[in-house]
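Trainee: Please help me learn to read a protein model. Let's take it step by step.

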Amino acid sequence: MAAHRKPRQSPLGGQAGRTAATLALAGAATATAFEGTGYAEPRLTPAQVKAKVDRLHHEAEVATEKYNGAKEKADIARTRLDALRDEAARRTERLNTTRNALGATAAAQYRTGGLDPAFQLALSSDPEAYLRGAALAERIGARQADTVAALRGQMVEIDQLRKEAGGHVRELKTRQAELNRQKTAVQTRLAAAEKLLARLTAAERAAYQEGPHSHGGADRASSQDRADRTVEADRASPASPTAVPAPTTRAARAVAYAYGAIGRPYRWGATGPSSYDCSGLTQAAWKAAGVSLPRTTYSQINAGQRVARSQLAPGDLIFFYSGLSHVGIYIGDGKMIHAPRTGSTVRIAPIDEMPWAGATRVG
């Protein structure tokens, strides 16, 4: 008789098999979910893209003003270092000239110093002339002693200049490191903004570039504050910018320069004449009027007399955000000319489109 054998059962048969299959399917679904969405960037609406880009541009503008300040300080440190090096070179040249003169005198004395002065007097054909020469030589010797003392003083001064120059070298390196750090901060944020803008259609992107200079929710003022300021501005502002005379000839020149810059592209770190950033535009406008302004927004606000919003006049510098990261030049009628952001151009804009920080009158 044939032996009866039980059919071989799978080790995952029955309930255990069904459980394993369920877990396997769940794992596959989870893996698919991670592969499909876990590493994908979230889809953003055009409004969300614009809000993120606005925030990045604001951060880039803050970094730009820090870059401008670091560059200004680096330029000053470099100028001082160059001046110290030039002065050290001039003094070294004078030192070498004095050394050469003393060396020539010493050599001459060595050549004529073989005879005792008494023998030189005895052998001289003109003793009186010799004595006069000896007295002169004594005076020359005294002068040489003074020259040697001055020489030593010059050497000490040159050494001090070189030490001071070494300190400025270290300062310059520190300034340059800060400059590079802020430059990287600007470039990183602008690159991120450009990547986000690439998600928009050409029409959406064009609309954004021509839109108001807004930084989303950054440093946003309360609605009541904005309303109060709008009423105040309406009371103080005349009907048109052409109807508002500038308070001084210089202010008129600054405003005229700003009008002439309309349409020029924004470029961070630029001071004209082909492109500008915000503080570069105001600096250039007032330079055309004969007034030298500091380079940065947070320095320019202290370059003149503070004025209330209700007392604004054409030519006044108006500042925005608590960090004073943006500046424009007032032209009247509640409007300003400013350089808004990367990708835009110098333009006229209402002063209410950004959070107010203060105003200064210069010139």
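This is a predicted model: local features need pLDDT of at least 70, side-chain atom pairs count only at pLDDT 80 or more; totals for chains, interfaces and linings use all residues.

Trainee: Which residue in β5 is the bridge partner of M336?
Mentor: Residues are numbered from 1 along each chain as its sequence is written, and side-chain values use heavy atoms, leaving out hydrogens and water. Strands (E, at least two residues) and helices (H or I, at least four) are DSSP runs, numbered from the N terminus. In β5, the bridge partner of M336 is A349.

Trainee: How many bridges pair β4 with β5?
Mentor: Two strands pair if DSSP finds at least two bridges between them. Along this pair, H338 stands opposite R347 in β5. Strand β4 covers residues 335-338, and its pairing with β5 is antiparallel, with a bridge count of 4.

Trainee: And which residue in β4 is the bridge partner of Y330?
Mentor: Look at the hairpin of β3 and β4, with 2 residues between the strands and a positive phi of about 60 degrees at D333 in the turn. These antiparallel strands are joined by 3 bridges. In β4, the partner of Y330 is M336.

Trainee: Which strands stand at the edges of the sheet?
Mentor: Follow the order of this open sheet of 6 strands, β1-β6-β2-β3-β4-β5, with antiparallel pairing. An edge strand here has a single partner, so one side of it lacks a neighbour in the sheet; that is the case for β1 (305-306) and β5 (347-350).

Trainee: What angle does α7 make with β3?
Mentor: α7 packs on the sheet, touching β3 (326-332), β4 and β5. Contact means heavy atoms within 4.5 Å. Axes are lines fitted to C-alpha atoms, for helices over the stretch in contact, and angles run from 0 to 180 degrees between N-to-C directions. The direction of α7 and that of β3 make about 110 degrees.

Trainee: How does α7 lie relative to α8?
Mentor: Angles under 35 degrees count as roughly parallel, over 145 as roughly antiparallel, 65 to 115 as roughly perpendicular and the rest as oblique. Helix α7 (residues 249-260) and helix α8 (residues 278-288) pack at about 130 degrees, with axes 7 Å apart. That is why α7 and α8 are described as oblique.

Trainee: How many nonpolar residues does their contact have?
Mentor: Ala, Val, Leu, Ile, Met, Phe, Trp, Tyr, Cys and Pro count as nonpolar, Asp, Glu, Lys and Arg as charged, and the others, Gly among them, as polar. From α7 come R250, A251, A254 and Y257, and from α8 come A284, A285, W286 and A288. By class, the contact has no polar residues, 1 charged, and the nonpolar count is 7.

Trainee: Where is P273?
Mentor: Check its backbone as you find it: the peptide bond from G272 to P273 is cis, with omega near 0 degrees. P273 sits in the loop between α7 and α8.

Trainee: What is the mean pLDDT of the protein?
Mentor: A share of 66% of the residues reach 70 or more. Over residues 118-123, the pLDDT is below 50. The mean for the protein is 77.

Methods:
pLDDT is the predictor's confidence in each residue, from 0 to 100.
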